[in-house]
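Let's walk through this model together, one chain and one contact at a time. Have the viewer open and follow along.

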Amino acid sequence: MSMAPLFLIFPAVAAVLAALIPSNRWRPWLLPVAGTLHAALTGVALVRPEPLSPTAWLALDPLGKVILLVVSLLFLCCSYYAAGYLRSRSEQPNRVFCICLLFFLSTASLVAWSRHLGLMWVAVEGLTLVTAPLIFFNHTQQSIEATWKYMVVGSVGIALALLGTFFLAYSAQHAGHGASLMVSDLLQHAPALSKPWLHAAFVLLLVGYGTKMGLAPMHTWKPDAYGEAPCVVGALLSGGVTSCAFLALLRAYHISVAAGEVAYVCRLLLFMGLLSMATASLFMVGQRDMKRMLAYSSVEHMGILVLGLGLGAPALFGTLLHVVNNGLTKGVLFLSAGNIHRAYHSKSTEQVSGAMQRVPLSGTLFFLGFLAITGSPPFGPFISEFLILNGAFRSGRMVVGALFLVLLLIVFIGMGATVLKIVQGRPSIAARKTSYRDTVLSGAPILALLVLVLLIGVILPAPLAALINDAVRYLEGQP
Amino acid sequence: MSNFFNPILVVVLLLNLFVLGTSRITSVIRGVAIQGALIGMLPLLLPGHVSRGAFLMAVLTIVLKGVVIPVMMNRALRDVEIKREVEPVIGFQASVILGALGAVWALLFAGRLPLTEAHADSLVVPASLATVLTGFILLITRFKALTQVMGYLVLENGVFIFGMLLVQAMPLVVEMGALLDLFVAVFVICIIVNHINRAFSTLDTRQLASLKE
Amino acid sequence: MLETLIHIAVLLLLPPLLPGVIAKTKAWFAGRTGPSVFQPYYDIVKCLQRSWVLSETTTWIFWAGPIITLAATLLAGLMVPLGRAAAPIAFTGDLILFAYLFALARFFTTSAALDTGSAFEGMGAAREVTFGCLSEPALFFAFMVLAKISGTLSLTPMLHAPATAFAAGITAPLMLILIGLFIVLLAETCRVPVDDPNTHLELTMIHEAMILDHSGPLYGIILYGSAMKMLVLGSMVLQVLLAFLPEREMLRGPLFLVLLVLLAVVIGIVESVMARLKMLHVPYLLISALLFCSFAFILLIR
Amino acid sequence: MFLILILLAVAVAALSGLPGILLRRSDDGGERISAISMVCAACVGLVGAAGGLLGYGGKPLALVWPAVGGGSVGLDALSAFFLVPVFLIGGLGAVYGLGYWPHCRHPVSGRRLRFFWGMLVAGMALLVVARHAMIFLLGWEIMALSAFFLVTAEGHRIASRQAGWIYLISTHVSVLALFALFAIWRHVTGSFAMTPVAPQTLGQGVTALCMVLVLVGFGLKAGVMPLHFWLPGAHANAPSHVSAIMSGVVIKTGVYGMIRWSALLPDVPVAWGALILLLGALSGVLGVLFALGQHDFKRLLAYHSVENIGIILMGFGVALLGRAMNRPEWVTLGFGACLLHVWNHSLFKPLLFFCAGAVMQVTGTRQMDRLGGLAKRMPWTAAAFFVGAVAICGLPPLNGFVSEWLLYLGLLKGAVGTAGGALAALVGVPTLALIGALALACFVKVMGTVFLGAPRTQSAADAREVSRLELVPMAVLVAGCALIGVFPSAVAFALDAATGCWLQSTGATAIPVAQTVPLGVISLLALLLLACVAGIFWRMRIKEVVTAARRSLSWDCGYARPDARMQYTAGSFARTLVLIFRGVLRPADHPPQVTKLFPVPTRAYSHVDDAVLDRVLMPAGRKVEEGFAWFHRFHRGLTQHYVLYVLVILLILMCTLFPFKNLFAFVFDRRGGGTSVCSSAGKQTLAPPGAPRAQMPYTYMATLSPGNQAAHRNHGRPFTERAGTPALPTAYA
C-alpha cells in the first residue's frame with residue numbers, strides 16, 4: 001500500500017478542519033501540526049522507499065524525493081512562522097488563508113509524487129490556484145493588482161505547459177507506441193520519440209513551466225506577487241512553487257536527454273539561464289524595495305538552476321543541490337524580511353535602516369541570508385554554485401563560466417547595496433516606536449532554516465548527498 | 001477522422017477572426033461561448049464508438065464553456081456597468097489581420113510537424129495553434145479585464161482542440177482535472193475582476209499599473 | 001692601517017677649509033680681499049664655546065638633529081676613498097648605505113627645522129626634502145653606471161674604475177655622470193645656483209632657513225657637518241673627474257687633497273659667475289642632472 | 001608536530017570573542033577574557049610558527065571539510081613565516097584594543113569587534129596553513145567577512161559604511177576570481193590539493209590564465225596600485241587597531257597567495273616577473289605620491305601601505321625573474337627582500353597606526369592640520385612614531401633599511417650581470433630611490449605637522465599621554481624594528497628556510513642570504529652609527545647643557561609673538577612636490593574667495609582624490625546604474641506587455657526548431673522535408689554517445705570523496721587540449 005494518498009489526503013482533511021474551526025485565534029495552530037506531520041511522513045517516505053513500480057501514477061522517484069524534501073522542510077518552518085504571524089494579524093480573517101496553505105501542501109506533494117505528466121500539470125495548475133488567495137491576503141489595491149497579474153501571466157504559462165504536455169504525448173503516439181504520459185513509458189520509448197514534436201514540446205514546457213518558475217522574460221509577475229504577498233507566502237512561492245515547477249522541467253529534460261536530444265535541450269537551457277540571470281541583475285541594481293529585490297534574486301537563482309541543467313552531466317549534482325539550498329535560503333531571507341517589514345511598517349530602503357539595531361536577530365539573519373544566497377563559504381549555496389561553476393569549466397564552456405561569475409558579481413553588488421542600506425545605520429524614530437519585537441515564533445524557524453543551510457555547507461549530510469546522487473544517476477538513466 | 005471534423009475547425013477559425021473583429025464585449029462573450037460549445041462537440045465526432053467517458057467530457061465541456069462561463073461573464077459585465085466597447089490597443093482591422101497572419105503561420109508551422117496516418121489531413125494542429133495565437137492577441141491588445149479573460153478562454157480552447165488528437169491517450173481523470181482547473185481558474189479570475197471593480201471602480205487594466213520598476 | 005688613520009684625519013680636519021676657499025675665491029672675484037681661508041675654523045670653534053639658547057616649542061629632536069646629521073655624514077665619509085687608498089669601510093652594497101646615511105641626515109635636519117614651529121624653517125625643510133627627491137635618483141643612476149663599469153657593488157672599486165674605463169674608451173657615460181654628479185654636489189651642499197648660503201632674505205633660503213634657530217654649539221656642529229658633506233661628495237666627484245686627467249695615478253697621491261681645494265675654487269667660481277635660480281626652476285636643473293645620469297646608464301647597456 | 005599548536009591557536013583565537021558576546025551587555029569581563037585568550041593564542045601560535053621556521057612543521061594533516069570532501073593543512077617554512085605577523089599583531093592589537101576600544105565606552109560595537117577580531121586572526125592563520133584550495137577559500141572568506149564587520153564597527157558613520165561597502169565589493173570580486181582560479185586548478189590538476197605541479201605539465205595558456213586570476217584575486221586584497229581603491233577608505237575609517245592589523249597583516253595574505261600559487265606553478269615565464277616588478281614599481285611610486293597629497297592622518301598611512309606592497313612586489317618580481325632565468329642570487333636577494341619587507345612592514349605599519357590611534361583618541365581628529373606640538377604632550381607616542389617613521393622611510397639603522405638594501409642589491413646585481421637584469425635595474429633602482437626620498441618627505445611632513453611645532457587647536461593643546469595598555473604594544477613593535485635593523489643576521493635563517501620552500505617545486509636550491517651579502521657588516525655599522533651619536537652626546541654632556549639652556553621664542557623673521565597658525569601646514573609642506581607631480585595627482589584647489597570691498601575672513605584648501613576610485617570607478621558605476629535604469633521601461637506594470645513577452649520568447653524559441661539555413665525550405669516545400677530537416681537539425685549537434693554518462697560518477701565522487709584520484713587524472717590535461725573536445729557541444733560557449 002503506497003503512502004501517497006496519505007500525503008494528499010491528510011492536508012485536505014486539515015483544510016476541512018480549518019474551514020470548520022470558527023476561532024480566528026486557534027485555527028492557525030493547525031498549520032504547525034500539519035507541517036510537522038507532513039515532515040514526519042516525508043521522513044518515513046525517504047528512509048523507507050517503496051519499489052518504483054513503472055505503472056503507478058503516484059510514486060516517489062529520486063527527483064520527486066529531492067523536491068518533496070525541500071517543500072516539506074520549508075513548509076515545516078513556514079508553518080510555525082505563520083502561526084505567529086497570523087496571531088499578530090488577528091484583525092485579518094484567516095480562514096481562507098489557512099485552507100489555501102493546507103491545500104498548497106497537498107498539491108505540492110502531489111506534484112512531487114505524480115509520475116504522470118498530465119496529473120503533474122493538474123497539480124501545478126492547482127498550486128497556482130491555491131496560491132492566488134494567499135497573495136491576496138492583505139486585500140489592498142496593490143495585492144489585488146498583484147494577484148491579477150499572477151493569475152493572468154501564470155494561467156497563460158500553464159496553458160502553454162498543457163499544450164507542451166499534449167505535444168509530448170503526441171510525439172509518443174507518432175512514434176507508434178500509444179500516446180502515454182506516464183514518465184516511465186516515455187523514458188522507455190524515448191529514443192523512438194518523434195524529434196520535431198519532442199523539440200516543440202520541450203520549448204512549450206520550458207516556456208510554460210518557466211513561467212511558473214519565473215524565468216526571464218516570463219518573470220514579470222514575480223516582483224509584484226512577492227512584493228505584495230505576506231512574506232511567509234513569498235517564502236513558499238520562491239522556495240516551494242518554483243521547485244515544483246522546476247521538477248516538471250526536470251521531467252521534460254530527463255525525457256529529452258533519454259531521447260538523445262541533450263545538445264538541443266542544453267542550448268535552450270543555457271540561453272534561458274543566462275538570460276534570467278542577466279535580467280535579474282539588471283533590475284536588482286538600485287532596487288529600493290527589499291521584497292522586490294528578493295523576487296529578482298529568486299529569478300536569478302532560477303536562472304542558475306536552468307543554467308546548471310544546461311551544463312549537463314558535470315553540473316547536475318550542483319544543480320540539484322542548489323534546488324535544496326535555494327529553497328531553504330529563500331525561506332531565511334523572506335521570513336526575516338517579513339519581520340523587518342513588520343518592525344518598520346515599510347519595505348522600502350527610504351524608511352528601513354538600522355535593522356541590526358531595531359530587530360537584532362532578524363536583521364542579522366537577513367544579512368547572513370544575503371551572504372548565504374550570494375555564495376559565501378561556508379554556507380550551502382557556495383557549494384552548489386561552486387560545483388556549477390566547476391561544471392561549466394569541466395564541460396569546456398569557458399565563456400559561460402566567465403559570464404556566470406560576472407553576473408554573480410553584478411547581482412552581489414545590486415543586492416548588497418540594498419541589504420546593507422537595510423541592516424546598517426540607525427533606525428528612524430518612527431521605526432523605534434512600532435510594536436513589533438523578535439519573538440521565538442518569529443525567530444526560531446528562520447534560525448532553523450539558516451542552520452540547515454549552514455549544515456549543508458559545512459557537512460553535506462551523507463543521506464542528502466546520497467539522495468541527490470541517486471537523483472543524478474536517475475537523470476543519467478543509470479539504475 | 002470524420003467529415004464533420006474539419007468544417008467545425010474552420011468555423012472555429014472564423015470565430016477567432018470574429019472575436020478579434022467585434023467591438024462589443026457581449027458579442028465577444030457570445031463568440032467564445034459558441035466556440036467552446038463547438039469544441040465540446042468534437043469528441044463526439046471522433047471515429048469509433050463514443051466511450052462513456054468521452055460523452056461525459058463532451059457534455060461537461062459544452063455545459064461549462066457554452067453555458068456556465070458565459071453566464072458568469074455576463075453577470076460580471078452587468079455588475080460592473082461599464083461601457084461596452086472593447087478598447088483595443090490596436091484597431092479591430094489590425095487585430096483581424098494579425099489573427100489571419102497568425103492562422104497562416106499556424107498552417108505553415110503545422111506543416112513542419114509530421115502527423116500520423118490517422119490525422120494525416122486534419123486541420124487540428126493549425127486550428128489549435130491559430131486559436132492559441134488568437135488568445136494571445138486578445139490578451140495583448142485589449143485593455144478591459146473581462147476581454148482578457150476571454151482571451152485566456154480562447155487560448156484554452158486552442159489547447160483543448162489539440163487534445164482531440166489524443167483523447168484515447170488522455171485518461172478521463174486528467175481531462176476532468178484539466179477542465180476543473182480551467183473552470184476554477186476562470187472562477188477565481190472573475191472574483192478578482194469583481195474585487196478590481198470594487199477597489200478601482202473600473203475594469204480598465206491600465207489602472208492596474210501601480211506596481212512597476 | 002696608516003691609510004685609515006690618514007683618511008680619518010683628513011676627514012676630520014680638512015672640511016672647514018673648503019668653505020673658506022670658496023669664500024676667498026668669491027671675494028677675489030668681487031675684488032675684495034675677503035676673510036682668511038681658515039675663517040670657518042675660527043667660526044666653528046667660537047660657536048662651540050657659546051652657551052645654548054633653545055626655542056620654547058622645541059623638543060629633543062631639535063638638538064638631536066644636528067648631532068645625528070654629523071654622525072651620519074662622518075660614517076658616510078668613511079666609505080668614500082680619498083685618492084688611491086681604499087676607503088676604511090668597503091663592502092658589497094656600501095653605496096646604498098652611503099646614500100641612505102645622507103637621507104638619514106636630511107630626515108633629522110628637516111625634522112629639527114620643523115620642531116621650531118616657525119614658518120620659515122618649515123619652508124626651508126619643505127624645499128630641502130623636495131629637492132632631495134630629485135637628486136637622490138640621479139645619484140643612484142650615477143652609482144648604477146659606476147657599478148656597471150666596475151662590475152662591483154662597493155664604492156672603493158667603483159670610484160677607482162673610471163680611470164681604467166676611460167682608458168678602455170667608455171668616455172661619454174663618464175662625461176654625463178660627471179656633470180650629473182657635479183650638479184648633485186651643488187644641490188646637496190646648498191650652493192648657487194640652487195641655494196645661496198649667504199643670502200639675507202629668509203624667503204629665498206633653503207639650508208640656511210632650516211637652521212635659523214640653531215645657535216651656539218649646535219650651529220657650529222651644523223657648519224662642520226655641512227663642510228664635511230661637501231668634502232665627501234666633492235671627493236666622490238673628483239674620483240670620477242680624475243679619469244679625464246693625465247698622470248691620474250700620480251694625482252691619486254697627496255696631490256688629491258690639492259685637487260679637492262681646486263674643486264672648491266671651481267665651486268667658488270661657479271658661485272661668482274652665476275646667480276641663484278628661481279626656486280621654481282631648481283627642479284628643472286635637478287631633473288636635467290637625473291636625465292644626464294640616466295642617459296649615461298642607457299648608453300652603457302645599449 | 002608544531003602544526004597542532006597552530007591549530008590550537010586558531011581555535012582559541014576563533015572562540016576568544018564568544019564569551020563577550022554571550023555575557024550581559026553591562027558585564028565588561030568579556031574584553032579581558034578575549035584579550036587574555038588572544039594573547040595566549042598569539043604565544044602558542046608564535047611558538048608553533050617558530051617551530052615551522054626551524055623545520056619541525058611535520059607532515060600535513062587531514063582537516064576534512066566534509067561538504068567538499070577533502071581538505072588538509074600543513075606547516076612549512078613559508079606558512080610559518082607569514083604566521084608570525086598574524087599572531088604577533090593579533091595579540092598586540094587585542095591588548096591595544098583594551099585601552100583603545102574599551103567596553104565601557106563601546107558596549108555594543110565593542111563586543112562585536114572583539115568577536116570578529118578573533119575570527120579575523122583565526123581565518124588568516126587557517127588560510128596560511130591551508131593545503132587544500134577549499135580550506136584556503138574558507139579561511140579567506142572568514143577573514144574577508146570579519147574584516148568587513150571590523151571596518152564597519154562604527155556603522156552609524158556614513159563614511160565608514162561607504163568604506164565598508166566598497167571593501168565588500170572588492171573582496172567579493174577577489175573571491176570570485178579565486179572561484180575561477182580554483183575551478184580551473186581543479187580542472188587541470190584533477191584535485192583541489194595545493195601541491196605543486198611538475199614543470200612543463202601545464203600549457204603556457206593555462207599558466208597565463210592562472211596568473212591573471214592570481215593577480216586579480218590576490219592583487220585586490222594586497223592593494224596593488226590599480227586595484228588599491230578600497231584600501232585608503234577602509235583603513236582610514238576602521239578603528240585604529242583594526243587599521244593596524246588590516247594594513248599590517250591582512251593585505252599580506254594577498255602577497256602570501258601570490259607567493260604560494262607561484263610556488264605551485266613552477267614554470268612561470270619571465271614576462272610575469274617583469275610585469276610584477278613593473279606593477280610593484282607603479283604602486284610604490286603612486287602610493288607614496290598619493291600619500292603626500294593627504295591631510296587625513298590615517299588615509300596617508302593607508303596609502304603608504306600601497307607603497308610598501310609595491311616594494312614587496314618588486315622584490316617578488318626580481319625573485320620570479322631570477323627563478324625563470326635561473327639566477328639563484330637574484331632569487332635569494334629578491335625573495336629575501338620581499339619576505340623581510342613583509343615582516344618589517346607588519347612591524348612598523350601597525351606601530352604607526354597604533355600611534356595614529358592614540359593621537360585620535362586624545363585629540364578626536366584625524367586632520368593633521370588641526371594637530372601639532374604633540375611630542376611635548378605625549379612624548380612616548382611621539383618617540384614610537386618617530387622610530388616607526390625612520391623605519392618606514394628605510395633609513396639606517398632600522399629594519400626598513402635592511403629589506404630595501406637587499407632589494408637594491410638584487411636589482412644592482414642584475415644590472416652588473418645581464419642585459420635583462422640591467423633593464424630590470426633601470427626600472428627598479430631609481431624608482432626605489434624616488435620612493436625612499438618621497439616617503440622621507442611624507443613622514444617629515446607628518447612628524448612636523450602632528451608631533452612637532454606648536455599645537456594648532458585647543459584639543460591638541462590639551463592632549464595627554466595614553467594608557468600603558470596602548471604604549472606597551474608600541475614598545476614591543478619598536479623593539480622589533482630595532483632588533484631586525486641592528487641584527488639582520490638574526491632573521492636570515494627564516495628567510496633562507498622560506499626561500500628554499502618556495503623553490504621546492506622547481507627543484508632548485510637557494511643560496512643562504514648570509515653568503516650573498518655581508519649582513520654582519522650592517523649590524524656593525526649600525527652599532528658604529530649609534531656609538532658615534534652616543535659619543536657626541538657624551539662629549540657634549542648633553543643633559544646638563546640642555547637643562548641649563550636659555551629658552552626663547554622661535555625666530556619668525558622678527559615677529560614679536562609667532563602664532564601657531566603661522567606654521568607650515570601639511571598641505572603647504574607637500575605643495576611643491578604635489579605640483580611637480582600634478583600630472584598624476586590632479587590636486588583639486590579651492591582658492592580663497594575674496595568678494596567684498598572689505599573681504600571677510602576666508603580659507604583656501606586643496607585635496608587629492610583617489611585616481612581609481614574617485615575618477616574612474618565611481619563615475620563608471622553611476623553610468624552603469626543609469627544604463628540599467630533604462631531597462632526599467634520594460635517593466636511598466638501593464639499585463640498586456642507581460643503576456644507579449646511570453647509570446648515573443650515562445651516564438652523566438654520556436655525558431656530554434658528550424659535552423660535558419662532551412663527557412664527557405666521551411667517556407668516553400670510544404671510537406672515531406674520536415675521530418676528530415678528537424679531530425680537532421682537534431683543530429684547535427686548530437687552529443688557523443690554516452691559522453692555524459694561517462695562523466696557522471698565523476699561529478700559526484702570527485703566533489704564528495706577525496707578518493708579515486710585515478711578518475712581525476714584523465715582530466716589533468718590543460719585546456720588547450722580540453723576545450724577542443726568538450727564533453728557536450730559548446731553551444732553559446
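You're looking at a predicted model, where local features need pLDDT of at least 70 and side-chain atom pairs count only at pLDDT 80 or more, while totals for chains, interfaces and linings use all residues. Residues are numbered from 1 along each chain as its sequence is written, and chains are lettered from A and ligands numbered from 1 in the order in which they are written.

With that in hand, look at chain D and its domains, whose bounds come from an automatic or database domain assignment. Domain 1 of chain D covers 269–545 + 566–577, and domain 2 covers 586–592 + 603–627. Their centres, taken over C-alpha atoms, are 30 Å apart. In the contact between them, 5 residues of domain 1 of chain D meet 5 residues of domain 2 of chain D. On the domain 1 side, you'll find 1 nonpolar, 4 polar and no charged residues. For these classes, Ala, Val, Leu, Ile, Met, Phe, Trp, Tyr, Cys and Pro count as nonpolar, Asp, Glu, Lys and Arg as charged, and the others, Gly among them, as polar.

Staying in chain D, go to strands E1 (residues 61–65) and E2 (residues 70–73), which pair in the antiparallel sense over 3 bridges. Strands (E, at least two residues) and helices (H or I, at least four) are DSSP runs numbered from the N terminus, and two strands pair if DSSP finds at least two bridges between them. Leu61(D) sits opposite Val73(D) in E2(D). E1(D) and E2(D) make a hairpin with 4 residues between them, and Gly69(D) in the turn has a positive phi of about 60 degrees.

Now over to chain A, which has 20 helices and 0 strands. Its C-alpha atoms fill a box of roughly 70 × 55 × 40 Å along the principal axes. What radius of gyration would a compact globule of 479 residues have? It would be near 23 Å, and the 21 Å of chain A agrees with that; the radius is taken over C-alpha atoms, and the globule rule is 2.2 Å times the number of residues to the power 0.38. Buried residues make up 73% of the 479 residues in chain A, where buried asks for 20 or more other C-beta atoms within 10 Å of a residue's own, with C-beta atoms placed from the backbone. Of the contacts in chain A with a separation of 6 or more, 81% link residues 24 or more positions apart.

How do the chains meet? Chains A and D touch through 76 residues of chain A and 65 residues of chain D. On the chain A side, H17(A) gives the most, with 11 residues, and the classes there come to 49 nonpolar, 18 polar and 9 charged. Chain C, by contrast, does not touch chain A, with 42 Å between their nearest C-alpha atoms. No contact joins chains B and C either, and their closest C-alpha atoms lie 56 Å apart.

Last stop: the largest nonpolar core, with 666 residues, where Cys293(C) and Ala125(D) have the most contacts inside it. Such a core is a set of buried Ala, Val, Leu, Ile, Met, Phe, Trp, Tyr and Cys residues joined through C-beta atoms within 7 Å. Leaving aside neighbours within four places in sequence, the contacts of Cys293(C) include Phe141(C), Leu176(C) and Gly180(C).

How values were computed. A residue is buried if 20 or more other C-beta atoms lie within 10 Å of its own, exposed if 12 or fewer, and partly exposed in between; C-beta atoms are placed from the backbone. Two residues are in contact if their C-beta atoms, placed from the backbone, lie within 7 Å.
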